[in-house]
Amino acid sequence: MLGKRIRLVCKLNIRAGVHLDMTWMVPPNLKPAVADSRVKIGPLKVKPVKEAEHREIATRELIIEQATLADDGTYRCVVQDIKSHRNYHSFKLQVRDSQQDYVLLSEENNLSEINVRRNANGKTPSIDIVIAYRTYPANITYYWLMDDDEITAGQDGKYELSHSDTHVKLRINDPKVFDTGNYTVFVMAGNAEKSYRMAVHVYAKPILHMESKFVKPGEEVSFQCRSIGFPRPDISFAFLPCLGIPWTNCSIPSSKDTNWDSSRPEIGSDPSARSLPDGKRETQITKSRIYTTIPKQPGVVYCKAINTEGDEITQADLLISDLTDSITLEKELPKETITVGDHVTIVCSALVYNHTKNIAFVLNDKELQESDGVRLSYSEELYAWQAHLDIKHITLEHEGTLYCRVKTLLDTVETRAFHIEVLEPIAPILVSGKSNQSLSVDLHDPLKLECDVVGTPDPKIVWLKDGVPVQPDENSNRMQLTRTTLILEYLKMEDLGTFECRAENKMGSIEKYWKVDVRSE
């Protein structure tokens, strides 16, 4: 308090017979204290320690009469022996008006951080953060934060909060790497408030996470390897291609010969700018790196993280295929509608990464056999087992739902279905109009010709003029040609002549002709 006496005592336990000097340093610039009318520096006193024959206690006091605001600040006791070995302890003193609310906080050893590691038994001891306080008025309220989150007692026994007349205490039980962070206590007394922050570091070897990826050949893919550990680890990658045919899982433990790489251009890292899924910045225990590649074959991507506490390796599969799904069931032949007598091929493809070659076709409750046109193969391009169903001459009796049943590597069964619809073939027929028409038109008028033809399967239609296939001019939109319609925006002399539409399917063909000439005056 202002006007009161200040008495500071520096005390040191030393080995008997050691010669030393003890000096008080005072604010504001921590210069040696000088005795005057207000400041008294006591002599160095050395006394033996009872029941400790070879130990002594050295003390020296500093007394300041009638304290003023200028006496506020940090005081330091510096000890030095005849060999110039030196040590010191600092004490922060605050001088206040007796009528003013205040809060003074300190940590006994002036610590600003606590570092803990596992002991020999593999356990990490509890962490105690103890902060001494002096306040006016004496009654206080307080709370703790871990980074930005308030700490409450009883969180599954993780935290214990307590306080006495002189100290507030936070105990962290069973510390994990996730407890690394900044712990801040806020103490309020009357209108005064003060905070004290303590950094806590729980050292731990890395924990890793990386997910497998499935892509198409030639498609760029990125693997993000996320690590949790303290200190933040260094991350590197390795890739092992799977070259076996058919593909087999080529995952093997990494070895000393594994070529770990962390400097290639396709490996990126910017932990300070990377965010967690909830949008928060990465913390001092998290780090991410990204491995990007354009795969030519499947394989395994390995991620290794190393810090002072150890190393950890995780892996993820890189799987490639052009298949649109893990199992596909598609008709390869014919491209158009299925009709009686067609040669029909239906293929069931199952990715080798997830499935066995145990594939069965079931049609109308009958499991088809090799004699029914079933054959099995492996596609090196698709990395898939394939079952082919070849029906040389399909009939109406083949109509129904075809099921493809595939056994997985987990000994379960997955199924896909395809409905086979078989129609009677019909030769192309003209729906409307005559097969031969003569048209008289004016030059520069538009012309529209329609080939109104149907058949089963859908006929292939070819347009000709004077026996030559019609080819629209790529540099002009004067002619518009679709499967059944030909349109000329305006006629030229060169357009006069005979237009033909020829429609054909497996049952036959039909033609329609238009003779176009200039209308006479």
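**Close-up 1. Ser227 in strand E20.** Ser227 sits in strand E20, residues 221-230 (strands are DSSP runs of at least two residues, numbered from the N terminus). This is a predicted model, where local features need pLDDT of at least 70, side-chain atom pairs count only at pLDDT 80 or more, and totals for chains, interfaces and linings use all residues. Residues are numbered from 1 along each chain as its sequence is written, and side-chain values use heavy atoms, leaving out hydrogens and water. Ser227 counts as buried because its relative accessibility is 1% (buried means under 20% relative accessible area, with a 1.4 Å probe and protein chains only). Leaving aside residues up to four places away in sequence, Ser227 touches Ile207, Leu208, Pro233, Ile235, Ile285, Thr286, Lys287 and Ala305 (contact means heavy atoms within 4.5 Å).

Close-up 2. Five of the seven residues in E2 (20-26) are buried. Six bridges link E2 to E7 (73-81) in the antiparallel sense, and Met22 has Val79 as its bridge partner in E7 (strands pair if DSSP finds at least two bridges between them). E2 also runs antiparallel to E3 (31-32), joined by two bridges; here Val26 partners Lys31. Four residues separate the strands of this E2 and E3 hairpin, where Leu30 takes a positive phi near 55°.

**Close-up 3. The lining of the largest pocket.** Of the 20 residues lining the largest pocket, Phe91, Lys92, Leu105, Ser106 and Glu107 lie nearest its centre. Strands E8, E9, E11 and E17 each give two or more residues to this lining. Domain 1 (6-93) and domain 2 (102-202) both contribute lining residues, so the pocket lies between them (the bounds come from an automatic or database domain assignment). A pocket here is an open set of points on a 1 Å grid over the protein atoms alone, where a 1.4 Å probe fits, with protein on both sides within 12 Å along at least five of seven lines; lining residues have an atom within 4 Å of a point.

Definitions and conventions: Buried < 20%, exposed > 50% of the residue type's maximum accessible area, 1.4 Å probe, protein only.
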